[in-house]
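Welcome! Take a look at the chain below, then try the exercises before you read each solution.

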Amino acid sequence: MQVLLATLGFCGGIISGTLGIGGGIVMAPLLLYVPPALALGALDMKTVSGLTMMQSLFASLSGAIAQRRLAHLKPALAAVMGVPIAAASFGGALLSGALSSDFILATFAALALLAAAMMTLPHTQDESEVSQAQVSFNPWLAASSATAVGLVGGLVGQSGAFILIPLLIHVLRIPTRVAIGTSLAVVFCAACAGALGKIAAGQVPFAAAVSLVGGAVAGAQLGGQLTQKVEPKWLRRLLALLIGASAIRMWVDVLQ
């Protein structure tokens with residue numbers, strides 16, 4: 001199980017660093033379905049949500065460092081969104097302890113489906129290489145969006161990047177590469193608070209978390225380098241496909 005967790009963490013880290021998400025949107029289905037498929041035992045949704053929050057914490061930090069080196073991270077935007085998303089994520093994580101695993105899974109699946117739909121919206125913004133210093137944003141809209149994302153992300157045990165990136169691109173009108181880089185820093189803030197909430201709720205098995213995190217940190221560094229090699233339109237398409245596939249797989253379980 002420890003080897004499997006490290007391997008899954010590495011795969012999730014690559015996705016995190018490449019696409020600017022904490023990795024939980026992919027990690028949750030992997031943790032739910034791969035261990036039982038390999039006869040290693042099943043993990044319940046509350047445990048999975050705790051593990052994915054820890055994975056998001058360290059994968060997003062590693063990915064943000066890589067993206068900062070590439071000048072894809074806008075510090076001012078990350079700061080404006082980081083504080084409200086952290087506070088809301090902590091509250092959502094504490095609230096999750098009072099809810100059933102089935103409700104959390106259904107909420108997660110619904111949000112993933114919504115995020116996938118948003119990523120398929122037409123994108124007319126110029127995607128030529130833009131320095132993060134040239135990007136402007138509405139701070140009030142950014143802060144309110146971060147609060148909403150943090151609350152629902154903490155509830156389902158995710159950093160919320162699978163919703164955050166569609167909002168950054170289609171609502172705040174941030175160029176794709178800068179949205180991806182900045183989202184990792186915002187996700188880290190959310191994951192810090194969310195991880196504390198999950199630990200307080202007793203939903204983090206630490207031995208398993210160590211193996212998962214070790215793989216995630218290494219994978220996120222590799223993913224950060226891959227971002228440079230993929231065109232923005234394909235990054236958006238990959239995100240939509242990834243989020244949509246995860247949503248459909250979880251809805252199958254919800255409706256059974």
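Predicted model: local features only at pLDDT ≥ 70, side-chain atom pairs only at ≥ 80, totals over all residues.

Residues are numbered from 1 along each chain as its sequence is written, and side-chain values use heavy atoms, with hydrogens and water left out.

**Exercise 1. Describe the secondary structure of the protein chain.**

Step 1: Count the elements; the protein chain has 10 helices and zero strands. Helices (H or I, at least four residues) and strands (E, at least two) are DSSP runs, numbered from the N terminus.
Step 2: Turn to burial, where buried means under 20% relative accessible area with a 1.4 Å probe, protein chains only. Of the 256 residues, 55% count as buried.
Step 3: Look at contacts (heavy atoms within 4.5 Å). Among those in the protein chain with a separation of 6 or more, 88% join residues 24 or more positions apart.

**Exercise 2. Find where helix H4 has a kink.**

Step 1: Locate helix H4 at residues 75-96, a run of 22 residues.
Step 2: From first C-alpha to last, H4 reaches 30 Å, close to the 32 Å expected at 1.5 Å a residue; the expected span is 1.5 Å times one less than the number of residues.
Step 3: The kink, of about 30°, lies at glycine 82, shortly before proline 84. Such a bend is the angle between axes fitted to the seven residues ending at a residue and the seven starting there.
Step 4: Check burial: Gly82 and Pro84 are among the buried residues of H4.

**Exercise 3. Work out how H3 and H8 meet.**

Step 1: The axes of helix H3 (residues 45-69) and helix H8 (residues 176-200) come within 8 Å and cross at roughly 145°. Axes are lines fitted to C-alpha atoms, for helices over the stretch in contact, and angles run from 0 to 180 degrees between N-to-C directions.
Step 2: List some partners; the H3 side includes Ser49, Gly50 and Met53, and the H8 side includes Ile180, Gly181 and Leu184.

**Exercise 4. Explain why methionine 119 counts as buried, and find what it touches.**

Step 1: Methionine 119 lies in helix H5 (residues 101-119).
Step 2: Methionine 119 counts as buried because its relative accessibility is 5%.
Step 3: Leaving aside residues up to four places away in sequence, methionine 119 touches Pro166, Ile169, His170, Arg236, Leu239 and Ala240.
Step 4: Isoleucine 169 is 50 residues from methionine 119 along the chain, yet their C-alpha atoms are separated by 8.6 Å.
Step 5: Ile169 and His170 are also among the buried residues of H7.

Conventions
Buried < 20%, exposed > 50% of the residue type's maximum accessible area, 1.4 Å probe, protein only.
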